[in-house]
Each structure stands twice: as structure tokens, then as C-alpha cells.
Amino acid sequence: MVDYHAANQSYQYGPSSGSNGAGGGGSMGDYMAQEDDWDRDLLLDPAWEKQQRKTFTAWCNSHLRKAGTQIENIDEDFRDGLKLMLLLEVISGEAPLLRVPMGCCPPRRPIAARGRARPLPAAAALRRHGPVPGNSGDPKAPLPLFLGVRPSGERLPKPERGKMRVHKINNVNKALDFIASKGVKLVSIGAEEIVDGNAKMTLGMIWTIILRFAIQDISVEETSAKEGLLLWCQRKTAPYKNVNVQNFHISWKDGLAFNALIHRHRPELIEYDKLRKDDPVTNLNNAFEVAEKYLDIPKMLDAEDIVNTARPDEKAIMTYVSSFYHAFSGAQKAETAANRICKVLAVNQENEHLMEDYERLASDLLEWIRRTIPWLEDRVPQKTIQEMQQKLEDFRDYRRVHKPPKVQEKCQLEINFNTLQTKLRLSNRPAFMPSEGKMVSDINNGWQHLEQAEKGYEEWLLNEIRRLERLDHLAEKFRQKASIHEAWTDGKEAMLKHRDYETATLSDIKALIRKHEAFESDLAAHQDRVEQIAAIAQELNELDYYDSHNVNTRCQKICDQWDALGSLTHSRREALEKTEKQLETIDQLHLEYAKRAAPFNNWMESAMEDLQDMFIVHTIEEIEGLISAHDQFKSTLPDADREREAILAIHKEAQRIAESNHIKLSGSNPYTTVTPQIINSKWEKVQQLVPKRDHALLEEQSKQQSNEHLRRQFASQANIVGPWIQTKMEEIGRISIEMNGTLEDQLSHLKQYERSIVDYKPSLDLLEQQHQLIQEALIFDNKHTNYTMEHIRVGWEQLLTTIARTINEVENQILTRDAKGISQEQMQEFRASFNHFDKDHGGALGPEEFKACLISLGYDVENDRQGDAEFNRIMSVVDPNHSGLVTFQAFIDFMSRETTDTDTADQVIASFKVLAGDKNFITAEELRRELPPDQAEYCIARMAPYQGPDAVPGALDYKSFSTALYGESDL
């Protein structure tokens, strides 16, 4: 027999020669080679042996109870090798479970229900991957793969049921051979020591099993076994105060590390802030009780075993801690899988919501178009213009009130459609195909039909209103002309029948003759009106005017009256001509006076009007032109005065002849109402207005000279500020396309440039002051400069906007570079390529320029079918509005977006497989347990029944569902 304490220094395990041990055996061998060389006497410490017995016994029972048994004494119950082989079967899953006719394990405590985000206990995580043997009642059910151990080609042989020592030794040897087949090299541990109940050898063997099956496969950031488990503990407990895990002995004495591990994964189970470092017993008992009750981790140690030992046993602590690792690692994996599925389903649900919105909006819009077109195609005319105007008002109400929201809906529908297609493309989903008749093209066709009907309806309304307006216009025109004619003929018959010429003087006769001639001329002129009245009446009859009867009656009365006037006119003319020659002499003088007085009177009235006319001038040249014209007018006054005296002399001559021949004049001149008194009065008025006009023109001349000074003053400053703004705009344009230094250097340079522009503001303020003076003087033009204040203001605002926009573009480029991980060299390369093909320096590339830029960056978009298809795809990304231009920001977004990773169907299938416990199907119960309620029901409603040979009632096919998310389907 070999002493266990000596063997503990030498037993090692690692890949044995020719074995197919699980991966990671080499690193575990390294771990064993690097283990501290403990003092042989320390290993005999009874406290450590007690801790190992408790811990190893609890660990073994946590697995043996899955087979319906347990151990009480670790060095006695493994002596016959039966429970040892049963333990290896459970933890390796490589042979049918053996039913040991012994007492069953104690009843397990119920596991608390958990929420969606709560980590699963170890047992619950194991149950997720398949039924637990021993609980299902089927002793031949396949064992699950516990603790990450994969089955190898070596199978655990059948145990021998005899009770002799040789049978026990054979069973233990079979167990040791099986451990060796897993890549573990056992040194100095023999079957005889185990059969004889050697406690040290038995504990050493159990520790070897724990290392191989519970600790070896732990891997955290390329570290495994002990180092991996220690790193995992350090990462999980790092945020907690008073916890500093550096080893697997004294770092765990105060119990805070155990509580921190539980709180990190199940914060609702531990009130960590209430724990005290100076009360380790309470802390340890709290952690052990919570782990046993809620996490299905059996209590492997008592708090006093740890607290009352200067240095707790490392193997016991590692065994206990590994149970926490396995309890939480399975839950974390399942939660990650559930989160991935939730993300994918959320994207799909959002896309389906957008599809439903599109279908609903499209249906509503098409229904509105269907109802509106018949109304627009109605062409039934109305009888009155009021009724047609009401139709026109209804149409205008349609245009103002009803149609604009539909235009907005149509625009929003197209935007939603494009947004949906973009989201489907970005999430690697198939393009959305609307229902039949609800394509964007169908809506556009319906809209085009609507607008054609709308245009035809508007044209018909206007034509019909014009027709009714024509009728109303003709009727009103008839009434107006008839009223004018009737007013003109009123009293004409009585005048023509009057015999006033029998007692008239010569002048009266002459006047009557002239008056009669004028009447005849007027009568001839009214002939056209009478003919027009008759023609309008005829047209109204032809157009079936509703009041044609009254029109015809009135027209006949006018025609009869017209014939009577013609006969009376002829009779009066004959009577007047008989007395015409009797009073001609005096009449000739009156006529001469009238002929010369009327033009002179008109001239004086025009002169007075011109002298009193208000004038508005804007330049010195205009006022000088007015002064020159006024001087020319004053030069004509002497000639006008002589004409006035000649006209007055004619009037005096007529009076002299009448007096000398004793002729009685009738009073005023029969040919004119312009008397000598009127002529003299107006002449005096002209004489008074001339000096007033002189004074007004001189005042205006002084004002215009002052305005000219203001113009020159403003022009001088504007001709400086305007070119300065234009120069700065050109400089900013050059800066925006150059690549001098990093983006931060460019941003700094632009901000310095912005400050220099702001410092120029006082010059603009001075120009504003000068412009204020010009506005107060009501000066509207300035020939001394091409710059107006409005141009200066617009230029200044554009300058400030341009420099701010340029700064913003650089800042956006910095944000894009940092967010997308683009290096400065890549950004400069992108900018250099963009600027190289931006020939007009407009800040945007046309399609051909953009294609050349892509080719220079290595994209295969040559002029062939495949290249054109790829280029059209890229253009739809960078120019979704089809403006024909690609901005630099869109170019940067595209270049960064090309490297973005997306979910795939295989990733979703793998996530569902985790939730299904590696089965080819999943059940509704598992979906409702792992996913939020709405997304679980979403999957259940859409997953097809699973038809595989291993199907169970209610099994769902998650593979076809996941594939459908990324392919052609009805989802």
C-alpha cells in the first residue's frame, strides 16, 4: 500500500499515450505540474481532511442522486466499486445507468421559479438539455453530457455483482482503467487501497475525478482548469467591495466571495449590502443555504469548517466553487441564445408591422381614389351659373381640403415602402412584395387616373361656367345697352317736335342747326347700338335664354321708337334750314371766338395741372430735367399772353358790331361756355403758380444733391465689404476640398477662420448704419455700386452658414470615423478619392463620377451586366431619394456600412438549438419559458409542426422557421 499523502504529491493526470482524451488535457497536466508543493505534514491536517470528506461526499451525492442513490461514508461506500462505477457513469454519460438496490437520495428541494433574465440553477440547466436519468423511470434512457465531458470510444464495462474481495478489486480496477482512458495518468493509486478503505487514497482518487470531470474543461480567456476557474471568480466578483479573490483558501473565509458570485447572477436572492465582513459565519451560512435552496447546489461544507481553520482546504473550496461555475454557465449560455432570438424576432415583428401599415394605407388610398374618380367624371351641366359655381366651389374644397392629406398619405406611403425595403435589406431579409394591386406602381397608376379625371373635370367646369357667364353677360349687356338707349331717347321726340326756331335769333338758329347736326351725328352713332341690341336679342334667342320673351318685347319697342325718331329728325332739319341765312354775320364772330378760345382754355388748364402736379424724382439728373422743362414752359408765356389778347379782341368786335347795328344778342356765346372772364381768371392763376413751381424745384434739387452724397458714401463701403465676402466664400470652398493635416487640424483651422469672419462684423455694422440713412432718405437705387444691402446681408449669412456647415461636415466625419472605426489614413484616402472625381468641386458626385470612384477603390462595377447590377444596388443605398448626387457623408456611411455584420439563419438556428437542449425540435412550453410572452406566442403561431422521426406531440420545427426569416415566406 502506498501512503495517500505521498501519492498526493505524485498522482497526476494528462493525456496518456495512445489515448483519445478530451481536449484540454494537456493544459490540465500543466496545471497539475504547476500545483504548489504542499508540506507533507500539512496534508495530514485533520481539519483539511474533514473539509475534503464533507465536500467530496456532497459532490459525489449531487451526481449519484441522479441515479437514485447516495453515499454516507466516502472511504467505505466506494470499497466494492459499484457506486464508484455508477458515479463515473453519471458524470460521463457513457453507459446505461445501473440500478443499485440501495436507499434513494434525499428529496430535492424545489427550484424557485425564475424570470426571463434570471440565470438557471445547475440542475435546471441540465434538465434543459434532456430528461434526467433516474427521474424518468427509464433505466435505459441515454445519459446527457454532464459537465462538458464528451463520450470517447472507451465504454465503462459491466460491474461484477459478487461480494468477494476479488470482485471488489476487479470493479475498482475497471473504474480506474476508465479514468485512465479519459487521459488521466494515475500514479500510486491502486485498487487494493480503495477496497481496504484507505481514506487518503480514496480522497485522492475522488479529487482526481473532480479535476478531470468538473474543473479540467473550465476555460476563461485562454486559461483553463484552476487558473480559468480563478479568473472567472475574479471577473465576477470584481465590482464588489471587500472581495479580493487571489486563491482558493483564505480569500473565501469571510464568505463575501460566495455571496458575491450568487448576487452577480441572481441579485434577487442576496441582499449584499447588508452583509458584514466581520461576520463570516453568517455570510457563509447565507451563501450555502441560498445555493442549496435556489441553485440546487448541495451544502458541501459547514461555515465553522472554514472559519475555524487558519487556511481552508484548497481542494474543498475549488470543488465547491466549480459547482457555482457550472450552475451559472449553462444559464448564461441559454440567456445569450434567448437574447439573440429576441433580437431577431423583434426585427421581424417590426418589419411585419410596417408591412401591415403599408397594406392598410395602400388599401385606404386606393379606396379613396376609387370613390373620387366617378365624382370627377360626372359631366351633367346645371342651368344657372350659381349652381355651376357651387360645383366649382366643391371642386376647390376638394383641392384645398380633401386632396392635400391624400397627397401626404401617398408620399408617406412611398417613404414607408422605401424605409421597409431598406430595413429588410439591412437585416438580411427578403424584399417586401405587397398584395396584388397594392404595389407602388398600382397606386401611381390610380393616382395618374385620378389626376387625369381631375384635370378633365376642372376644364369642363370652367368651360361650362364660361358658357353660363356668356349668357349672363349677353343678357346684362342687352339690359345695359337697352337702358342706355332708352335713357338717350327720353325727351328726344318732344325736342324734335318743338318749334323754338320760329322766334329765335340768327345765333339761335345757327346753334339750333349745329345742335341738330350734332343730334343727327349722334343719331347715326346710335344706329350701331340699336343694331347691337337687336343682334344680342337674336343670339339670346338662339342660345335659348330663359327670359327671351321679355327681351324680344323690349327690343321691338326700341326698334319702333327708332323709326319714329328718324322721321321727326328729317322734318326739323328742313324747318331750320329755311331760317339759317338770316343771322350769319354775328354768328361768324362767335364761331371764330369759340374756335380759338377752346384750345387756349385747354392749354391753360393743362398748364395749371402741370404747375400743380406732384413730382417724384430719385436722381439729380431727373430734377435737372424738370427744371429745364419748366424753363422752357416759362419761355412760352409771352406768346400765350398775345394769344389771350387776340381772343378777347374777337369777343369785343362782335359786341361792337351788334351795338352799331342794333342787334339784340341772346347773352352768352352759343358755341362755347368759355367766357372772357374765365380766360382772364385762369391766366391769373397761371401767373401765380409759376413762382411756386420754381421754389419747389429748387428745394428738390438740394435734396437730390444730399442723396447723391449718401449714395457715394454707401457705395464706397459696399464695394469693400462685398468683394471681401465673395473672397472668403471662395477660400472656404477651397478649404472644404483640401486635406491638410488630420480632421482635428482641419476643424481647428476652420474654427480659427470662423473667428476671423466674426471679427469682420463691425464693417458690416457700419454699412448697416449708412444703409439706414439711405432708407430714411427714401433712396431706392445707387448707380455707384452693384451691391445692395440685401445682397450684402445674404452674402454674410451665406458666409456664416457655409463656414458653420463646413465645420459640421468635418465634425460629422470625425464622428463617423470614431463610430465606424475608420482610421485617419482611410478617411484621407476616402476624401482624396472623392475630391479627385469631384471635378466641379460641388461637394457631390454624379453617377458616372461615383462609379469611377468605386472602381478606383477596388469595387467591381465595370460596364457589364453584373457590374451594372452591383452599381445600381450601391446607388440605391447612397442615393435613396434618386437625386442623382452622392454626398461625401453618404459616401463615408456606405464605406463604413460595407463592413457591418448581420445576423444569419444559421446563427438563429444555433440559438434555437441551445434553447431546445440540442434537440431537432422545440416545444411551446420551452419557448414560453425562455422568451418574452409576445415573442414566444409569435414563434408558436408561425412554427410548423416538426415531422422528424424523433418528433413528440407538440414538437415545433424551428429550423424551417429560422430559414423562413431570411428567405421567401409568408411571414
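Trainee: Is E643 buried, exposed or partly exposed?
Mentor: This is a predicted model, and in it E643 has 27% relative accessibility, so it counts as partly exposed.

Trainee: What does E643 form a salt bridge with?
Mentor: With R596, and the closest N and O atoms are 3.2 Å apart. The two residues link distant parts of the chain: E643 belongs to helix α23 (residues 637-660) and R596 to helix α21 (residues 584-612), 47 residues apart. R596 is partly exposed, at 28% relative accessible area.

Trainee: How many salt bridges does the structure hold?
Mentor: It holds 50. One of them is between the side chains of D196 and R165, at 2.6 Å from N to O. D196 sits in the loop between α9 (191-195) and α10 (199-215), while R165 is in helix α8 (residues 165-181), so this pair ties together parts that are 31 residues apart in sequence.

Trainee: And which residue does D357 bridge to?
Mentor: R360, with the closest N and O atoms 3.7 Å apart. Both are in helix α15 (residues 314-376); because they are three residues apart there, about one helical turn separates them.

Trainee: Switching topic: in what order do the strands of the open sheet come?
Mentor: The order is β5-β7-β6, with antiparallel pairing. β5 (922-923) and β6 (944-945) are the edge strands, each pairing on one side only.

Trainee: What packs on that sheet?
Mentor: Helix α35 (residues 958-965), which touches β5, β6 and β7. The direction of α35 makes about 30° with that of β7.

Notes: Residues are numbered from 1 along each chain as its sequence is written. This is a predicted model: local features need pLDDT of at least 70, side-chain atom pairs count only at pLDDT 80 or more; totals for chains, interfaces and linings use all residues. Side-chain values use heavy atoms; hydrogens and water are left out. Two strands pair if DSSP finds at least two bridges between them. Helices (H or I, at least four residues) and strands (E, at least two) are DSSP runs, numbered from the N terminus. Contact means heavy atoms within 4.5 Å. Axes are lines fitted to C-alpha atoms, for helices over the stretch in contact, and angles run from 0 to 180 degrees between N-to-C directions. A salt bridge is a side-chain nitrogen of Lys or Arg within 4 Å of a carboxyl oxygen of Asp or Glu. Buried means under 20% relative accessible area, exposed over 50%, partly exposed in between (1.4 Å probe, protein chains only).
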